Amino acid sequence: MCSKIQLSEIFQSLRKRAKQIVQEQRSAARPMGDMDLKRLADKVEVQSAELELLKKRLRRRTQELEQSRNDCADLFQSAPVAFVIVNSGGIIEQVNTAAAKMLAGSDGLLVGQRFDNYVHPDDKPAYFAYTQELALHSVATPCELRLVGTREGCVHVTLAAAANKPDHAGSCLQWRLSLVDITERKHAKQALQDSQQRYRLAATAGRIGAYSRHLQSGIDYWSPEFLDIYGYGPDQTLPLSDGIPAAVHPDDRRRVLAEALARIDRKTAPEYSSEHRIILPSGDVRWVMIRGRLEFDLQGRPLRSHGIAMDITEHKQADEELLKSRLRLEAALQIARLGIWEYNPDTSVTMLDDRCCAIFGLEKRAMTNKEVFDRIHPEDRTRVEGEVLAALTCEDSGGYDTEYRIIVPDGTHRWVAVCGNGIWSGEGIGRKVVQFIGTAKDITEYKLAEENLQASTSRLIEAQRIAKVGDWEWDPDKGTIFWSKAVYDIFGRNPALAPPTHQEHPRYYKTDSWARLERALKAALESGKCYELELEHIRENDTCGWHIAKGEVLRDNAGRITKLRGTAQDISERKNMEETLLRRERQFRALVAASSESLYRMSPDWSEMRQLQGQGFLADTQTSDPNWMQKYIHPDDQPQVTAVISAAIQAQSTFNFEHRVRRADGSLGWTHSRAVPLLDENGELVEWFGAASDITERKKAEESLRHLNETLEQQVADRTQLAESRARQLQSLAVELIEAEERERKRIAELLHEDLQQILASARLQLQAAGANAPPASMLESVERLLAASIEKSRSLSHELSPAILNHSDLITALRSLPLRMAEQFGLFVKLKTSGRQPSVDTPIKIFVFRAVQELLLNVVKHAGVKSAQIAFSATEKDIAVTVSDDGQGFAPTILDTAVVKSGLGLLSLRERASYIGGHLFIESAPGQGSRITLMIPLALASVEGP
């Protein structure tokens, strides 16, 4: 494509070449010859060919230029950007389609008009200044203008221009203007500014600060509200330590730092919420709640942390007051030993707490109404049923307050004092008791009359975790109202609906609250006065709540009030907590007034008595008294009281002690003092709360009883000594019985050996002599066999009655003879196992153990139905133990309690004889599972004293 500039350059080249030829001819200064003419003709011919070629190129470039002009015209018309060409006088000469559409006219209607007619009056000075700069420099920095009279009314545009066609004097004859529509961007920017302004107002009103930390670059952003929460100005920098604010309280720093590291290591979720204390530069300690999110880059590295911070000191203080109130109430209930019960008439179920279960001797916490009345003493049951019925059916009955006896599981009865009140619901005939709540106290020991104590069972409402703050805006002239979503939530209205009009607002407030708000709005519109009110509102579901309303005015450039804007912060939970605290305080005061015990409060180290309500028993103390111990405690008891106090402080446990005191009338009395420690949320001891009961009369009775018990104890000791003496005599008799039995066995054995056996042996010898002289005969042989058997039987009987090994060997050697005899006589295989030391035992003990083991083995032969048994023998320095076991039929040990004692050492007789000499017999057996019988016998018999 060939432009006009390129064509001009070609013609200038031709003219320059022609001049060069003429100058060359002139410089020759001689007539031209044929050769010169020929050379000149050749040059002219060459120049003519070049000129013809240049003409062709010119025609081609001219065609390309025309096509380029057409293309530029099409591009000019179809371009999405509005283009306007005006002359130096500001008259529109040409516009494209986009410009015609923007300025709401066709090309013919716009051409010939002054462009500045479309410029907003307020922006014309800026436009004329722009054109002057354009006239001087041909270019100018783009500017923003407003165009009026367009199809859209008012359009924001960015104007950029360039000068063209300078005349011979250098002035611009034509300007090319481009217009870019930025109306939507302007509106969005204005909306963003309005939104930021509303957010800033909400953040300021609710003390909510924002922050953002770029962890890799270390660039931090702290909003002015955030810095204000930490006690710094908007131009100051928040000091950091280990990546967290240096203002974090030292006691909370380790936890906050650990939470931050856990988020960075992805051990916890990136969203976080933390409550901790901070120390302001002024030294004040405040509570803040931080909520935010940690973001990571594509490589998983922590990139940015951002979130908000809120001052929750007031909420934390409310939590502490609630906790202290609950601890005081719980301490009062524990000191007064009161149990709480709840009865539901609809389900007939009574719920008891742990103290009530202990009072009534019950294990389960839920009981039916019938199970409860079954516990009441029959003589009191009818009266109590009538009182309960009256309390359930008559709202004016004054509640339920009575004393009656109950029967506990061990069959005894106790006295309890029970009182309660019903919770009524409904109206008119349908009004009824929906819940019955009361207390119970064991008054068996004291049987004291007490005032009615109504126990509250309503749950403490959890303190508000985060502030709920919304913003609003009202234009009285237009009647338009803006609500943020948080305001919709406060009033329980669907966010999809439009905000209520100003005329509809009264239905959302209590009458008194709306009257105060209306007065504040009127004052704000008239004088521009800001306001802050606590108002009671009514939600869409007809429930009520509380919020803090703050408002301020907006003025235009002339200073005229045009709008009202403000915030609403939901404080319903705080109001509920305040009401609960007031109710708990009234209940606590009623409990103190109704109690018959002296109540006191002590400092954490018991150095001062802060308060004492003596109830006539002790002298009252309303101010702090550091000399309370010398004033109230008997001097002889002061060291013990101090020791018990020190132990209770060290263990942070209940102080419980009985000691002497000086009563209010100056006399000496006894008290049972109990105090419990009150701890704060950090486990620090802040106070002791206790009660002192008058036990003077009980102590007097105990003293009288103690003297009586001392006399009885002496008598019991004398009788016990006599019984022990009788027992030792009985043991001696048992020993003598065993020895006598053995002596009798020995005598019989000697008799058999010395008499019967000798006679039989002599008869056999004579018979043998006679048989040697006489011919053999079958009769004599039979007599000889009978005599031999008689002798053998006599020897065996003699050995069984008094084994020689028993008289001449130790106990273990004697026991080792039993397996051989059992195998020879009964075919019973016995295995003996010994362990421990070789004992040296008294002869009666040795005889008793040998006979007992022998009897147990015979029982195996008779009853077990097996061919094997085991004997295990062990000894210590004081006792010996012998166990006989088998795998036979076994038996139930309980039959010994009903069995008839047979002759000999049966199991029952064996158990009794063992007990006489200070031993024990242990039986382990069951049918089909064998038997294991263990005999424990002392090595030596105890000495026997006379009566």
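This is a predicted model: local features need pLDDT of at least 70, side-chain atom pairs count only at pLDDT 80 or more; totals for chains, interfaces and linings use all residues.

Residues are numbered from 1 along each chain as its sequence is written, and side-chain values use heavy atoms, with hydrogens and water left out.

**Stop 1: the sheet**

Helices (H or I, at least four residues) and strands (E, at least two) are DSSP runs numbered from the N terminus, and two strands pair if DSSP finds at least two bridges between them. Colour S25, S24, S28, S27 and S26, and you have an open antiparallel sheet of five strands in that order. Strands S25 (609–613) and S26 (655–662) are at the edges with a single partner strand each, so one side of each has no neighbour in the sheet. Neighbouring strands are turned by 25 degrees against each other on average, direction ignored; axes here are lines fitted to C-alpha atoms, for helices over the stretch in contact, with angles from 0 to 180 degrees between N-to-C directions.

Zoom in on S26 and S27 (residues 668–679), an antiparallel pair with eight bridges. Asn-656 has Arg-674 of S27 opposite.

**Stop 2: two hairpins**

Select S21 (residues 531–538) and S22 (residues 544–555), which pair antiparallel over eight bridges. Look for Glu-536, opposite Trp-546 in S22. Five residues separate the strands of this hairpin, and Asp-542 has a positive phi near 70 degrees.

Carry on to S23 (residues 561–570), which runs antiparallel to S22 with nine bridges between them. This hairpin also has five residues between its strands, with Gly-559 in the turn at a positive phi of about 85 degrees.

**Stop 3: the rings**

Rings of Phe, Tyr and Trp (its six-membered ring) pair if their centres lie within 6.5 Å; planes under 30 degrees apart are stacked, over 60 edge-to-face, the rest tilted. The whole structure has 12 aromatic pairs. Show Trp-606 and Trp-628: with centres 6.1 Å apart and planes at 50 degrees, the pair is tilted. Trp-606 sits in the loop between S24 (598–602) and S25, and Trp-628 in helix H16 (residues 628–632).
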